[in-house]
Amino acid sequence: MRRIIALLVVESLVVVVSASAGDATGPEPARDVFTAIVGIALGGPTSAVHGTDGRHHVVYELVLTNTRAVPATLQAVDVIDRANDARLFRFEGDQLLGMLRTMNARPAPNLDLPPSESRLVLLSLDFVSAGTVPRLLDHRIEALAAIGPAAKVPSSISYRVAPFALAARAAPAFRPPVEGKSWLVVNGCCSDTGAHRGAIHSINGRLFDSQRFAIDLLQANGEGRLVMGDPADVRSWVGYGARVRAVAAGRVVAARNDLSDQVPGSLPDPQTITVDNVDGNFVVLDHGQGLFTFYAHLQRKSVQVVRGDRVEAGQELGRLGNTGNTSGPHLHFHVMAGPSPLGSDGVPFIFSKFDLAAIVDEAALDAALSGAASLPARRSLSPTRRERQLPLDRSFIDFEPASRR
């Protein structure tokens, strides 16, 4: 279920470091600084999202590029609040290595930045309250790298890259896309692991992370079973065929309805997966104000809408299936800033209300996905009401029936 989508060829990255401008009567221009390593933050301004852990999460990525022929090695990345120049977070050693990815989204083998290569840094910050989240972040890197244009060997360097603004707009609130009890969140926010977190794609000449806040939803029965019977049969999965509903009123901008279910248990042959079929049967809704929602892996011939249709909140869009690049029936859901499921920036979101029943540990999740074990049974749980939060990875949650929302 921890699905991996093959990434496309990465674009070239060029970052210009500019001095602050002065005039004849103003201050002197800032001194130019040679920076062998340059960096950019992916996507537009994002905002913090309130998670089920009570923390406020800020999730984004840096692309760091070694522009010189001299090898470089990262030593630390500091995140700084530009309002007071205070260091908020410091990442180094094994922790930094765990956040580092090659440009095909594989874990980096070490902290090296080879000549003329780039690395992704997956940043997941958390704050105790909305009021403590800064509006503008900066990043200071420490590394061994070329200290000047003529350098032949690496030296110690430290400088700032990639200023990053946080939007003042709060994360949008939606009703859930499914209904009923015992839904498990897989591949969710907010760590540097999981199939969605590093699914950064090169689409239309740019890099996008449309899935940085995506969730996969699977349903269990009252005994905590995700699968009842043969795991290779899609109909053995408890959530198969569940109604998928619009999280808000909107207009359909894209939909697909013709792909057949995959056999559960493993991902399809990568050679058969393309940009066009990776998400199986799907629906994309435009909700206005630059917000789009995406519902993927729906059953063949279950999609009830077509491009151009207007839909109401709670309207049935299709049924949960196992089409596209998936190893078991589930609903993939994410919110984005454009109509393209892959070529848009992922946007944080919250659900208006739900009940949190448990946080499932990793070992129990893996056993349940294989059909060999179960999640906690309903009788052992005491769900608590949550409002305007994002259910984090491995949350076990209940949604109200559509008729009661």
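**Exercise 1.** Find out how exposed Arg55 is, and which residue its side chain meets in a salt bridge.

*Step 1.* Arg55 is partly exposed, with a relative accessible area of 29%. Here buried means under 20% relative accessible area, exposed means over 50%, and partly exposed lies in between, with a 1.4 Å probe and protein chains only.

*Step 2.* The partner is Asp126, at 2.7 Å from N to O. A salt bridge is a side-chain nitrogen of Lys or Arg within 4 Å of a carboxyl oxygen of Asp or Glu.

*Step 3.* Arg55 sits in the loop between strand E2 (49-50) and strand E3 (56-66), while Asp126 belongs to strand E8 (residues 118-127), so this pair links distant parts of the chain, 71 residues apart. Helices (H or I, at least four residues) and strands (E, at least two) are DSSP runs, numbered from the N terminus.

*Step 4.* Asp126 is partly exposed too, at 27%.

A word on the model before going on. This is a predicted model, in which local features need pLDDT of at least 70 and side-chain atom pairs count only at pLDDT 80 or more, whereas totals for chains, interfaces and linings use all residues. Residues are numbered from 1 along each chain as its sequence is written, and side-chain values use heavy atoms, leaving out hydrogens and water.

**Exercise 2.** Work out where Asp398 and its salt-bridge partner lie.

*Step 1.* Asp398 forms a salt bridge with Arg378, and their closest N and O atoms are 2.7 Å apart.

*Step 2.* Asp398 is in strand E25 and Arg378 in the loop between helix H2 (362-369) and E24, so the pair ties together parts 20 residues apart in sequence.

*Step 3.* With 6% relative accessibility, Asp398 counts as buried.

*Step 4.* Elsewhere, salt bridges that share partners join Asp78, Arg87, Arg90, Glu92, Arg140 and Glu142 into one network.

**Exercise 3.** Is strand E12 largely enclosed or open, and which strands pair with E12?

*Step 1.* E12 (residues 180-186) is largely enclosed by the rest of the structure, because six of its seven residues are buried.

*Step 2.* Strand E25 (residues 395-399) pairs with E12 in the antiparallel sense over three bridges. Two strands pair if DSSP finds at least two bridges between them. Leu184 has Phe396 in E25 as its bridge partner.

*Step 3.* Strand E15 (residues 215-219) also pairs with E12 in the antiparallel sense, over four bridges. There, Trp183 stands opposite Gln219.

**Exercise 4.** Describe the disulfide that a search of the whole structure finds.

*Step 1.* The search finds one disulfide, meaning a pair of cysteine sulfur atoms within 2.5 Å.

*Step 2.* Cys189 is joined to Cys190, with 1.6 Å from S to S. The link is right-handed, with 90 degrees about the S-S bond.

*Step 3.* Cys189 is buried at 4% relative accessible area, and Cys190 is buried at 17%.

**Exercise 5.** Judge the confidence of the model from its pLDDT.

*Step 1.* pLDDT is the predictor's confidence in each residue, from 0 to 100. The protein averages 90, and 92% of the residues score at least 70.

*Step 2.* Over residues 1-24 the pLDDT is below 50, and this stretch has 71 contacts in the model beyond near neighbours in sequence. Contact means heavy atoms within 4.5 Å.
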